[in-house]
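Student: Hi! Could you walk me through this one?
Tutor: Happy to, here it is.

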Amino acid sequence: MYFEFVCGWCGEANVLYGEQAGFWGTKYELPEEWDCWSCDGTNVTPDGPWTEAD
Ligand SMILES: [Zn+2]
């Protein structure tokens, strides 16, 4: 599942892949931090619920 986050530094949308965690498939694992593709700023993944990317 892909989730969309907005960079807190430059406002660009970043799409991150979340690995499904657990058998029932209701939880996904994302890295605690990620670097924006646009400005290379480090963002902390917010608490859910997350926005699913198209
Ligand atoms: Zn950015």
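**Strand pairing and overall layout**

Tutor: Let's start with a bridge: Phe-3 has Glu-52 as its bridge partner in β7. This is a predicted model, where local features need pLDDT of at least 70 and side-chain atom pairs count only at pLDDT 80 or more, while totals for chains, interfaces and linings use all residues. Residues are numbered from 1 along each chain as its sequence is written.

Student: How many bridges join β1 to β7?
Tutor: Two, and these strands run antiparallel, with β7 covering residues 51-52. Two strands pair if DSSP finds at least two bridges between them.

Student: And which residue in β2 is the bridge partner of Glu-4?
Tutor: That's Val-15. Five bridges join β1 (residues 2-6) to β2 (residues 13-17), again antiparallel.

Student: What about the hairpin of β1 and β2, how many residues are between the strands?
Tutor: Six, and in this hairpin Gly-11 takes a positive phi near 85 degrees.

Student: Zooming out, how many helices and strands does the protein have?
Tutor: Zero helices and seven strands. Both are DSSP runs numbered from the N terminus: helices are H or I with at least four residues, strands E with at least two.

Student: What does the C-alpha trace span along its principal axes?
Tutor: About 35 × 20 × 15 Å.

Student: What share of the residues count as buried?
Tutor: 0% of the 54 residues. Buried means 20 or more other C-beta atoms within 10 Å of a residue's own, with C-beta atoms placed from the backbone.

Technical notes. Buried ≥ 20, exposed ≤ 12 C-beta atoms within 10 Å, placed from the backbone.
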